[in-house]
Amino acid sequence: MFASLFVLLYVAHLLSDYPLQTDHQAAHKAGAGTCGWRANIAHALTHVAVTSAALAVGTAVLDLNLDLMAVAAGVVWIGVTHSVIDRRWPVARWMTLARQAGFAQHGGAAHVDQTAHLTALAVAALAITGLS
(Lines give C-alpha, C1' and ligand atoms only; values in the text may rest on other atoms or scores of the structure.)
Protein backbone atom coordinates (compact mmCIF):
# COMPACT_ATOMS: atom_id res chain seq x y z
CA MET A 1 0.00 0.00 0.00
CA PHE A 2 2.89 2.39 0.75
CA ALA A 3 4.04 2.50 -2.89
CA SER A 4 0.54 3.22 -4.19
CA LEU A 5 0.02 5.96 -1.62
CA PHE A 6 3.40 7.55 -2.31
CA VAL A 7 2.74 7.67 -6.05
CA LEU A 8 -0.69 9.24 -5.47
CA LEU A 9 0.79 11.81 -3.08
CA TYR A 10 3.63 12.59 -5.47
CA VAL A 11 1.32 13.13 -8.46
CA ALA A 12 -0.90 15.37 -6.32
CA HIS A 13 2.21 17.29 -5.25
CA LEU A 14 3.39 17.80 -8.83
CA LEU A 15 -0.05 18.96 -9.96
CA SER A 16 -0.33 21.39 -7.06
CA ASP A 17 3.22 22.74 -7.25
CA TYR A 18 3.36 23.33 -10.99
CA PRO A 19 0.24 23.51 -13.21
CA LEU A 20 -2.11 24.56 -10.38
CA GLN A 21 0.15 27.11 -8.65
CA THR A 22 -0.55 30.65 -9.81
CA ASP A 23 2.19 33.12 -10.66
CA HIS A 24 0.99 35.25 -7.75
CA GLN A 25 1.34 32.35 -5.30
CA ALA A 26 4.81 31.49 -6.60
CA ALA A 27 5.98 35.09 -6.35
CA HIS A 28 4.50 35.91 -2.94
CA LYS A 29 4.16 32.70 -0.87
CA ALA A 30 7.37 33.41 1.04
CA GLY A 31 6.67 37.10 1.46
CA ALA A 32 5.98 38.97 4.65
CA GLY A 33 2.63 40.34 5.66
CA THR A 34 -0.90 39.52 4.67
CA CYS A 35 -0.16 39.16 0.95
CA GLY A 36 2.55 36.57 1.58
CA TRP A 37 0.51 34.56 4.04
CA ARG A 38 -2.57 34.60 1.80
CA ALA A 39 -0.55 33.34 -1.15
CA ASN A 40 1.13 30.71 1.00
CA ILE A 41 -2.10 29.45 2.56
CA ALA A 42 -3.91 29.41 -0.80
CA HIS A 43 -1.09 27.31 -2.26
CA ALA A 44 -1.07 24.94 0.73
CA LEU A 45 -4.86 24.55 0.49
CA THR A 46 -4.44 23.63 -3.18
CA HIS A 47 -2.17 20.82 -1.99
CA VAL A 48 -4.73 19.74 0.60
CA ALA A 49 -7.58 19.70 -1.95
CA VAL A 50 -5.66 17.93 -4.73
CA THR A 51 -4.14 15.41 -2.31
CA SER A 52 -7.58 14.66 -0.87
CA ALA A 53 -9.00 14.15 -4.36
CA ALA A 54 -6.08 11.92 -5.38
CA LEU A 55 -6.49 9.77 -2.29
CA ALA A 56 -10.27 9.51 -2.81
CA VAL A 57 -9.83 8.43 -6.44
CA GLY A 58 -6.98 6.09 -5.52
CA THR A 59 -9.01 4.52 -2.74
CA ALA A 60 -11.93 3.86 -5.10
CA VAL A 61 -9.90 2.65 -8.08
CA LEU A 62 -7.31 0.62 -6.18
CA ASP A 63 -9.75 -0.56 -3.52
CA LEU A 64 -7.46 0.65 -0.74
CA ASN A 65 -8.71 0.17 2.80
CA LEU A 66 -7.58 3.44 4.39
CA ASP A 67 -8.35 4.69 7.87
CA LEU A 68 -10.11 8.06 7.52
CA MET A 69 -8.37 9.57 10.55
CA ALA A 70 -4.97 8.47 9.22
CA VAL A 71 -5.77 10.03 5.84
CA ALA A 72 -6.94 13.25 7.51
CA ALA A 73 -3.76 13.43 9.60
CA GLY A 74 -1.62 12.76 6.52
CA VAL A 75 -3.36 15.45 4.48
CA VAL A 76 -3.03 18.00 7.29
CA TRP A 77 0.66 17.07 7.65
CA ILE A 78 1.17 17.66 3.91
CA GLY A 79 -0.58 21.04 4.00
CA VAL A 80 1.30 22.29 7.06
CA THR A 81 4.73 21.06 6.01
CA HIS A 82 4.24 22.40 2.50
CA SER A 83 3.36 25.81 3.89
CA VAL A 84 6.39 25.90 6.21
CA ILE A 85 8.85 24.68 3.57
CA ASP A 86 7.54 27.24 1.07
CA ARG A 87 8.27 30.12 3.43
CA ARG A 88 11.82 29.47 2.13
CA TRP A 89 13.67 30.16 5.38
CA PRO A 90 13.86 26.44 6.33
CA VAL A 91 15.60 25.64 3.03
CA ALA A 92 17.94 28.63 3.37
CA ARG A 93 18.75 27.69 6.95
CA TRP A 94 19.43 24.07 5.99
CA MET A 95 21.72 25.12 3.15
CA THR A 96 23.64 27.40 5.52
CA LEU A 97 24.01 24.63 8.13
CA ALA A 98 25.07 22.14 5.44
CA ARG A 99 27.60 24.65 4.05
CA GLN A 100 25.96 24.65 0.62
CA ALA A 101 26.48 28.30 -0.36
CA GLY A 102 27.87 27.32 -3.77
CA PHE A 103 25.00 24.94 -4.43
CA ALA A 104 22.53 27.65 -3.37
CA GLN A 105 24.10 30.14 -5.80
CA HIS A 106 23.63 27.66 -8.66
CA GLY A 107 19.93 26.86 -8.17
CA GLY A 108 20.29 24.27 -5.43
CA ALA A 109 17.53 25.73 -3.26
CA ALA A 110 14.86 24.39 -5.62
CA HIS A 111 16.30 20.88 -5.30
CA VAL A 112 16.52 21.08 -1.51
CA ASP A 113 12.94 22.43 -1.43
CA GLN A 114 11.61 19.53 -3.49
CA THR A 115 13.59 17.02 -1.42
CA ALA A 116 11.99 18.40 1.75
CA HIS A 117 8.53 18.12 0.17
CA LEU A 118 9.15 14.54 -0.98
CA THR A 119 10.41 13.59 2.45
CA ALA A 120 7.18 14.96 3.96
CA LEU A 121 5.18 12.93 1.41
CA ALA A 122 7.09 9.77 2.32
CA VAL A 123 6.37 10.35 6.02
CA ALA A 124 2.68 10.84 5.20
CA ALA A 125 2.55 7.67 3.08
CA LEU A 126 4.28 5.68 5.83
CA ALA A 127 1.94 7.02 8.49
CA ILE A 128 -1.22 6.39 6.49
CA THR A 129 -0.03 2.89 5.61
CA GLY A 130 0.93 2.08 9.19
CA LEU A 131 -2.31 3.40 10.68
CA SER A 132 -4.68 1.88 8.10
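Reply: Before the questions, one term is needed: a pocket is an open set of grid points with protein on both sides within 12 Å along at least five of seven lines, and its volume is the space filled by probe spheres set on the points. Please also keep in mind that this is a predicted model.

Me: What is the volume of the largest pocket, and which element gives the most to its lining?
Reply: The largest pocket has 15 lining residues, and those nearest its centre are Lys29, Asp86, Arg88, Ala110 and Asp113. Two or more residues of this lining come from each of H5 and H7. The volume of the largest pocket is about 320 Å³, and the element giving the most to the lining, with 5 residues, is H7.

Me: How many residues in the lining of the largest pocket are charged?
Reply: Asp, Glu, Lys and Arg are the residues that count as charged. The lining of the largest pocket divides into 7 nonpolar and 3 polar residues, and the number of charged ones is 5.

Me: Which elements supply at least two residues each to the lining of the largest cavity?
Reply: There is 1 cavity of 30 Å³ or more, and the largest cavity has a volume of about 50 Å³. Its lining is made of His13, His47, Ile78, Thr81, His82, His117, Ala120 and Leu121, which divide by class into 3 nonpolar, 5 polar and no charged residues. The elements that supply at least two residues each to this lining are H4 and H7.

Me: Which helices do the buried residues of H4 pack against?
Reply: Helix H4 runs over residues 68–85 and spans 26 Å from its first C-alpha to its last, close to the 26 Å expected for its 18 residues. At its start, a side-chain oxygen of Asp67 comes to within 3.2 Å of the backbone nitrogen of Met69. The buried residues of H4 include Ile78, Thr81 and His82, and the helices that the buried residues of H4 pack against are H1, H3, H5 and H7.

Me: Is Gln114 buried or exposed, and which side chain does it join in a polar contact of 3.0 Å?
Reply: Gln114 lies in helix H7, and, leaving out residues up to four places away in sequence, it touches His13, Asp17 and Tyr18. Buried means under 20% relative accessible area, so Gln114, at 16%, counts as buried. The side chain that Gln114 joins in the polar contact of 3.0 Å is that of Asp17.

Me: How far is the C-alpha atom of Trp37 from that of Leu121?
Reply: Trp37, in helix H3, is partly exposed, with a relative accessible area of 41%. Apart from its neighbours within four places in sequence, Trp37 is in contact with Gly31, Ser83 and Arg87. Leu121 is 84 residues from Trp37 along the chain, and their C-alpha atoms are separated by 22 Å.

Me: Where is Arg99 found, and is it buried or exposed?
Reply: Arg99 has a positive phi of about 55°, although it is not a glycine. Arg99 is found in the loop between H5 and helix H6. Exposed means over 50% relative accessible area, so Arg99, at 76%, counts as exposed.

Conventions: Residues numbered from 1 in each chain as written. Predicted model: local features only at pLDDT ≥ 70, side-chain atom pairs only at ≥ 80, totals over all residues. Heavy atoms only, no water. Helix = DSSP H or I, 4+ residues; strand = E, 2+ residues; numbered from the N terminus. Expected span 1.5 Å × (residues − 1). Buried < 20%, exposed > 50% of the residue type's maximum accessible area, 1.4 Å probe, protein only. Contact = heavy atoms within 4.5 Å. Polar contact = N/O pair within 3.5 Å; in protein donor to acceptor, adjacent residues only side chain to side chain. 1 Å grid on protein atoms, 1.4 Å probe; cavity = no way out; pocket = protein on both sides within 12 Å on 5 of 7 lines; lining within 4 Å.
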